[in-house]
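Come along and check each entry against the picture.

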Amino acid sequence: MGQPSPNLRRYDASAIAQYYRYRPWRAIWRALRVALSFLGFFLSLRWDAWQLQETENLPKRARQLRRILIRLGPTFIKVGQALSTRPDLVRKDFLDELVKLQDQLPPFSTPLAFSIVERELGRSIPDSFSQISPEPVAAASLGQVYRARLHSGEEVAVKVQRPHLLPVMTLDLYLMRWAANQFGPWLPLNLGHDLTLIVDEFGTKLFEEIDYLNEGRNAEKFATNFRDDSTVKVPAIYWRYSSQRVLTLEWIHGFKLTDTDRIQEAGLDTNALIQIGVTAGLRQLLEFGFFHADPHPGNLFAMAPHCTVENGQIANSSQQLEAQMAYIDFGMMDQLEESAKETLVDAVVHLINKDYAELAHDFVKLGFLTPDTDIRPIMPALEAVLGDIVGESVQNFNFKTITDRFSELMYDYPFRLPAKFALIIRSLITQEGLALTLNPNFKIVEVAYPYVAKRLLTGESPALRRRLLEVLFKDGKFQWERLENLIAIARSDGQFDLLPTAQLGIQYLLSEEGKFLRRQLLIALTEDNRLHTEEVQRLWELIKDDLQPARLWGAAIEALTEFSTAGTAALLPSAFLRRE
């Protein structure tokens, strides 16, 4: 099978369609093979039901489905991997088998792999590596990995791409897009037209994933974002031993996050790992906008820094160790625009504050609703579907619940799923699923909302400070309960120190930018012709343990000093100019 275009380096749906339009026999033959494979599977399910053996044969059918996806090749394996992270769509029997698609795949021959390495690097295997494993240590959908050592002594992973990937992928994507276009309008959830966009997004990411140089650049960008976070590990890239189809990177000593027994035996704190994973995921979305779109179990490892790993076990692990999480495989990444990041923060705040009118506007900004949508009938629907999630049952908040509820909304209202957010939702649900594997009682709100609350309260950017004002004021009135709620939730993770926030608050109040807030706070304290001493007393009871008088006085003096220093520095240039 030939390559659609010798110059096709990026996904181009129209170019692929034009190529196969003149080669219909290839598309027809592949479509027949795919259809017959799945027809046999569905007939087997029907036969089991007819024979009343459906339950006892489910493990057998799950294995059958996994084998079908493997036989159909890399594109369908990637689809199966995506489904393996969706417990809301796939029953557990099938889920357990689909998870094996993450790293339990048949390898291709080592001589062929080594010939690819030698051709790509332009030198022999012995010239590149002092030693290399005779067989791959892991095989994935798009490539396989060998453990090796450089002549300079570093232990590395050598990732080699499967041969003939491009022709297979382009044909499958062509057929998927055709099917999405033909059958999308008949599917529920109002996906219709958007289903082809999801296929296009999937195709774009697949093409990016098979460019290992792009993956190396992604890894270094990701590492730069987390350079000040010692809990997140990113392997170093060895560019001299890398090319478009071969990637050499630092070897990671750790355990897969799904291997809970070995993690516990190693003495690693599973709750700390959950905290690291969820916080890192939120930082990717809300701070950097550059996020790992494929955080499946094979791509995340638990580590204990500065410890020796011997035969898969951490040496001398008699006590609980500091946890670290390692990310690998940066082929599938995506970038979120600044406006989308800010709107996501808004949506979380509006959801917690039950401001459904603003939440509906957030959905318009994010592309879930078109700008011409009448949001008036949608607001009560949002309240009906989401209201109890942030009410008394806030601790039961999870992304699976949200997606299940939104399925109802998308069926009755003109919601659509933007292609980019398909990846984000997949990423969030995957990370939540991994956290639940480590701790079945995990509640994502216990980590996620404190993080958002801290970002708003610390207000490291003018945009976030403006959003804090939007939270605290509604219709020109100060919302005392919202401030109490925000502080209480921010403190719920036990790691939030209110004093630095108070210091930032004093600096902000004394600044020119804080003039409006000073005036509004004065009005809030005296509105309705009374002093709001009761509200102030409730706030003080909430924060008094964090704000001991001595510490608070010290923070105030420091804030005033920094403020006066900054003001003096700002005046120096103009004074200097006057002297000149």
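These are my entries, from the whole chain down to single side chains.

**Overview.** I am working from a predicted model. I looked up the secondary structure and found 24 helices and 15 strands in the protein chain. Of its 580 residues, 50% count as buried. For contacts between residues at least 6 apart in sequence, I noted that 71% join residues at least 24 apart. The accessible surface comes to about 29100 Å², and carbon and sulfur atoms hold 56% of that.

**Helix 1.** Which residues of helix 1 (residues 13-21) are buried? I listed A13, I16, A17, Y19 and Y20. Seen down the helix axis, these buried residues fall within an arc of 160°, so they line one face of helix 1. On the other side I found S14 and R21, both exposed.

**Strand 4 and its partners.** I then went to strand 4 (residues 155-161), where six of the seven residues are buried, so the strand is largely enclosed by the rest of the structure. Strand 3 (residues 143-150) pairs with strand 4 in the antiparallel sense, over seven bridges. V145 stands opposite K159 of strand 4. The hairpin of strand 3 and strand 4 has four residues between the strands, and G153 there takes a positive phi near 105°. Strand 4 also runs antiparallel to strand 6 (residues 246-250), with five bridges joining them.

**Salt bridges.** How many salt bridges does a search of the whole structure find? My search gave 16.

- K159 and E215 meet through their side chains at 3.0 Å, N to O. K159 lies in strand 4 and E215 in helix 10 (residues 212-225), so this pair ties together parts that are 56 residues apart in sequence. K159 is buried at 15% relative accessible area, and E215 is buried at 3%. I also noted that K159, E215 and D329 are linked in a network of salt bridges.
- K341 and E338 form a salt bridge at 2.9 Å, N to O. They sit three residues apart in helix 13 (residues 338-352), separated by about one helical turn. K341 is buried at 6% relative accessibility, whereas E338 is partly exposed at 47%.
- R262 and D259 form a salt bridge at 3.2 Å, N to O. R262 is partly exposed at 29% relative accessible area, and D259 is partly exposed at 23%.

Notes
Residues numbered from 1 in each chain as written. Predicted model: local features only at pLDDT ≥ 70, side-chain atom pairs only at ≥ 80, totals over all residues. Heavy atoms only, no water. Helix = DSSP H or I, 4+ residues; strand = E, 2+ residues; numbered from the N terminus. Buried < 20%, exposed > 50% of the residue type's maximum accessible area, 1.4 Å probe, protein only. Contact = heavy atoms within 4.5 Å. Areas by Shrake-Rupley, 256 points an atom, 1.4 Å probe, with all protein chains shown as cover. Pairing = 2+ DSSP bridges. Arc of directions from axis to C-beta. Salt bridge = Lys/Arg side-chain N within 4 Å of Asp/Glu carboxyl O.
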